[in-house]
Structure formats: C-alpha cells, structure tokens
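The following questions and answers examine one protein model step by step. Please study the sequence and the structure before reading each answer.

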Amino acid sequence: MSSRSSEPAVGASAAPASPARTNVVVLTLMVAVFLSLLDTQIVATVLPRVVGDLGGLDRFAWVTTGYLIGGSAAVPVYGKLGDLFGRKRVLMASMAVFLLGSALCGLAQTMGQLIAFRALQGIGSGGLFICVLAVIGEMFPPREGARYYGWFSVTFGAASLTGPALGGILTELADWRWVFFVNLPVGAIVLLVLSSALDLPARRRQAHLDYGGVILLVLAIVGLNLFTGWAGVDRAWTSPVTVGLGAGTVIATALFILSQRRATDPVIPLRLFADRTFATVVVIGFVSGFVGLGLINYLVLWLQTVLTLDVRESGFALTAMMLAVVLASYVSTRVIGRTGSYRWFPVLSMAVFAVTAVLFSTAGPSTPPLLAVVYLLLFGAAGGLNSQALTLAARNTAGVRDIGAVQGTATLVRQLGTALGVSFFAAVTTGRLGSGLDRLDRSGVHIDRDDSLSPRFVGTLSAPLRLELAGVYADSLRVVFHAVVPIALIGLVASLFLKDIRLAGRPAPTEPTVPEGSPAADSGSPARSTS
C-alpha cells in the first residue's frame with residue numbers, strides 16, 4: 001500500500017505549448033545526455049596517448065573510475081536538489097559543473113590532476129543524466145513521455161558507436177585534450193537553448209536540504225565503489241584497506257538510513273519504498289544492473305579467450321549486441337506508449353537473461369562465432385527490454401515533488417547492482433581461473449595469468465595448448481554464467497509482482513507552481529502557473 005495516496009501520481013504537464021518548441025527542448029536535452037554518455041566512451045580510446053603524455057600508467061584506470069564514482073555519487077543528490085529547487089536551474093548547474101570539469105581536464109598537466117578533474121566532470125555528468133530524466137518526467141505525463149524516453153536508447157546507442165571513433169579522430173587531427181575541449185561549445189549551446197526555451201514550474205515549498213544525509217550517502221557510494229573495485233583484485237579481501245572500506249561503507253549506509261528517518265527533506269525519502277511498485281522496480285533494477293551491466297566485461301573476456309577472437313572481431317560482436325539493446329529499448333518504449341502497460345517487459349527481460357546465461361554456459365571453444373553473436377543479440381535484447389520500462393514504471397509512482405528522488409534512487413540502485421555484479425563476477429572468475437592455471441602448471445605447462453591474456457604470448461603456443469588454455473577460460477566463465485541463472489530468476493520472480501498500473505495521463509497540478517526564474521518563485525508567496 002502506498003504512503004502517497006493523498007496525491008496523484010503525476011503532476012501537471014509542463015511541456016512547451018508549441019510542438020516545434022517541445023521538439024527543440026527534447027532534442028537539446030538529448031544532446032546533454034549524449035555529452036554525458038559520450039565521455040564514458042570517448043576517453044577510453046585516448047588513454048594510451050594520455051599516459052604517454054602525462055605518465056602514470058599505474059593509475060590510468062582511475063581516469064575512468066573517478067568519472068564513474070563522481071557520477072554515481074551525484075545522481076541521488078541532483079535528483080533531490082531538483083525536487084527542492086526546481087529542475088531547470090539544477091540541470092543548468094550540472095551542465096556548468098560538467099563544462100568546468102571538461103575544461104580543467106583539457107588543461108591537466110599531471111595524471112593526478114586529470115583524475116581529480118575527471119571526478120569533478122563525473123559529478124556534472126551524473127547530474128545531467130538524472131536531471132534530464134526528471135525534466136522529461138515533469139514535462140510529460142508517463143504515457144506521453146514514453147516515446148521521449150525511447151530517445152534515451154537512441155542517444156545511448158549513438159554515444160556508444162561514435163565515441164571510440166570520435167576520440168581517435170580528435171586525437172589524430174589535434175590532440176587528446178580536444179576530447180574534453182569539444183564539450184565546451186556544444187555545452188554552451190545547450191545552456192543557451194535551455195535557458196530560453198525550457199519553461200518548468202519552480203518548486204513552491206520551503207526547502208531544507210539534508211546536508212548530513214548527502215555527506216553520508218556520498219561516503220557510502222564512494223566506499224562501495226572503491227570496495228567493489230579493489231576487493232579481490234588490487235587488494236586482498238583480508239587486507240586492512242579492504243576490510244576498512246567494507247566496514248566504513250556499512251556504517252555510512254546504516255547512519256544514512258537512520259538520518260533519512262529524521263530529516264525534514266530526506267535525500268531518499270524512505271516512504272517511497274512503501275509503494276509496492278516502486279519497491280519492486282528497485283529490486284528488478286538492482287538485478288538488471290548486477291546481471292546486465294555487471295556481466296558485459298566478462299562477455300568481452302569470453303569472446304577473446306574462449307573463441308579467441310581478436311579485438312576488432314570482438315568489437316564488431318559487441319557493436320551488434322549494443323544495437324540489440326538500443327532496438328529493444330526503443331521498440332519497448334513505443335509499445336508502452338501506445339498501450340500504457342509496462343508490466344511484461346521486465347518479466348520477458350529476466351526470462352531472456354536466464355535463457356541466455358544457460359546458452360553461454362553450454363558454449364565453448366568449438367562454438368561457431370555466428371552462434372555466439374546470436375547469443376549476444378539475445379543478451380542485448382534482454383537488457384533493452386527493461387531499461388526504459390523500469391524508468392517509466394518508477395515515474396508512474398511519483399508525485400511532482402518526488403520525481404527527482406524516485407528517478408535518482410532507481411538509477412542509483414541499478415548502478416550499485418552493477419558495481420556489486422562486477423566485483424562478484426571478478427571474484428568468481430579469479431578463483432576459478434587460478435585453479436585452472438594451477439592445474440596446467442601441475443601438468444608441466446606454466447602460464448602466467450597476465451600472459452594468458454596477451455595475444456602475442458598466446459600466439460606462441462601450439463594449437464593444442466591454445467585450445468587447452470581456451471578450455472580453462474571456458475570453465476572459469478561457465479561458473480559465472482551458472483551464477484547468473486538463479487540471480488536472473490530472482491529478478492523474474494520479483495517482476496511477476498510488478499503491478500500492471502496503466503501509465504497516467506494529464507491530471508491537474510498537485511502543488512502551487514510558478515515559472516522558474518520569476519520573482520514569485522523565490523519569494524515564498526503563494527502562486528500558481530498555468531500550462
């Protein structure tokens with residue numbers, strides 16, 4: 001039973017009156033999301049050149065890790081800030097932070113500076129993503145907004161496909177620093193268009209930002225990301241750093257939950273979880289992140305070590321998978337927009353995840369590459385079927401004052417699922433792989449773990465040894481795929497409890513609002529706008 005039954009699920013539409021203006025605003029919002037997503041893809045291409053210029057090979061992974069941690073920590077905070085102070089101003093502030101971080105990254109002179117500035121850029125990026133989700137959620141009622149959420153899928157696909165190529169082109173024609181500088185003119189145009197064309201109602205209630213909750217949440221998120229990134233990989237599970245991070249994360253999480261029970265305006269209102277639909281979405285989102293995004297790195301490993309595909313061939317296979325994600329996500333949102341029903345897409349997604357994991361567990365070095373691509377297409381379709389369906393289901397439970405908190409919480413939980421999935425699969429793979437390589441060592445064939453991933457070294461092995469090494473990796477990753485099956489089935493069972501609540505239309509406003517930027521928006525006096 002929901003604790004929010006006193007207010008309608010959806011507030012007034014704030015979409016611009018002109019269809020042309022609406023399209024301009026939505027297109028600009030997608031450009032903002034594109035910049036956020038692009039920086040995850042484009043930087044990976046230029047990292048070798050960055051290391052050659054700045055040094056710090058031992059820390060180059062942190063250029064990406066810092067960006068992701070900053071984004072994860074920012075998501076729920078920006079969502080709540082939008083609920084409190086108005087989404088337009090918070091969106092533009094996040095763009096300003098993103099552009100500042102981009103400029104500083106381009107000017108970085110050391111690897112330490114670049115990592116710090118990437119974290120700042122990630123804070124802005126996380127705000128861009130969640131604020132655009134919330135802005136569209138406020139501009140349109142869920143059923144009408146479904147087709148606009150589908151644009152996220154297209155934007156994600158465009159960023160994934162163009163990022164590596166664009167990074168290479170900019171680096172060859174100019175310098176790796178232009179990978180960051182290119183954001184500045186595009187971001188400036190986004191700010192200019194949104195400042196004049198986006199017209200959203202400002203929040204009218206008095207704001208009490210929960211600073212203590214924000215600090216505790218950031219500590220918990222950063223601690224969890226560091227723990228899952230280091231434990232069992234860079235540091236032993238029993239090392240003081242790992243144990244300290246784990247304990248600190250648990251303590252920060254417990255204190256954060258306690259603080260949310262007492263805060264006037266909590267960052268994550270615990271009352272949200274009283275809604276069965278929202279609670280179910282959170283569980284499914286966690287499983288989806290754990291299984292879907294958490295497994296991608298190991299699919300790459302499977303392609304290159306079990307099927308012995310080279311980087312280019314495995315890249316083409318992953319591109320096909322990403323296209324399946326985009327197509328399934330886009331089609332599902334179009335169907336949801338027409339029917340108003342989202343329930344069966346998460347069910348189908350989890351079922352396909354489980355089936356695909358079974359298929360991968362039965363595959364091995366003798367599996368035809370074309371059949372492996374079919375498996376990848378199924379995996380991509382499973383991820384795409386629930387990506388926007390869960391976003392729409394969460395949005396459908398939110399009143400106007402909670403859109404940001406709902407979207408931020410759902411996104412955060414999915415990201416946490418991904419982080420834990422990566423850590424879990426790393427531990428499983430590392431343990432099983434070590435046993436397999438030890439078995440080869442006892443038989444007289446010594447292969448170092450690092451060398452086992454070196455194409456140059458593997459190329460020196462005889463055909464029987466290469467096949468035996470591929471078998472070791474197949475056995476190691478088969479355990480990972482076996483572990484995916486029960487986890488996906490948990491998500492399947494949870495998705496069966498998802499209520500089939502039709503997407504809402506256009507009810508009346510639920511709270512007094514005024515256009516952002518007007519004097520009344522900051523005065524505290526009662527006011528109301530029409531849309």
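Q: Does Asp475 count as buried, partly exposed or exposed?
A: This is a predicted model, in which local features need pLDDT of at least 70 and side-chain atom pairs count only at pLDDT 80 or more, while totals for chains, interfaces and linings use all residues. Residues are numbered from 1 along each chain as its sequence is written, and side-chain values use heavy atoms, with hydrogens and water left out. Buried means under 20% relative accessible area, exposed means over 50%, and partly exposed lies in between (1.4 Å probe, protein chains only). The relative accessibility of Asp475 is 30%, so Asp475 counts as partly exposed.

Q: Which side chain meets Asp475 in a salt bridge?
A: Side chains of opposite charge can pair when their charged atoms come close. A salt bridge is a side-chain nitrogen of Lys or Arg within 4 Å of a carboxyl oxygen of Asp or Glu, and the structure holds 1 of them. At 2.8 Å from N to O, the partner of Asp475 is Arg478.

Q: Where in helix H2 does a kink lie?
A: Helix H2 covers residues 62-85 and reaches 33 Å from its first C-alpha to its last, close to the 34 Å expected; the expected span is 1.5 Å times one less than the number of residues. The bend at a residue is the angle between axes fitted to the seven residues ending there and the seven starting there. In H2 the kink is about 35° and comes shortly before the proline Pro76, at Ala74.

Q: Why is H2 largely enclosed by the rest of the structure?
A: H2 has 24 residues, and it is followed by Gly86, whose phi is positive, near 100°. The helix is largely enclosed because its buried residues number 19 of the 24.

Q: Which residues does Leu191 contact, leaving aside its neighbours within four places in sequence?
A: Leu191 lies in helix H7 (residues 183-197) and is partly exposed, with a relative accessible area of 22%. Contact means heavy atoms within 4.5 Å, and the contacts of Leu191 are Met92, Met95 and Leu99.

Q: Is Phe278 buried or exposed?
A: Phe278 is placed in helix H10 (residues 276-305). Not counting residues up to four places away in sequence, Phe278 touches Leu272, Phe273, Thr397, Val406 and Thr409. With a relative accessibility of 0%, Phe278 counts as buried.

Q: What accessible area do Trp344, Val493, Leu496 and Phe497 have together?
A: Patches are made of residues with over 30% relative accessible area and no salt bridge; like charges are joined within 9 Å, and nonpolar side chains (Val, Leu, Ile, Met, Phe, Trp, Tyr) within 5 Å. One member, Phe497, is in the loop between helix H16 (463-496) and strand S2 (514-515). The four residues form a nonpolar patch on the surface, and their accessible area together is about 420 Å².

Technical notes
Accessible areas come from the Shrake-Rupley method with a 1.4 Å probe; for residues, only the protein chains shown count as cover. Helices (H or I, at least four residues) and strands (E, at least two) are DSSP runs, numbered from the N terminus.
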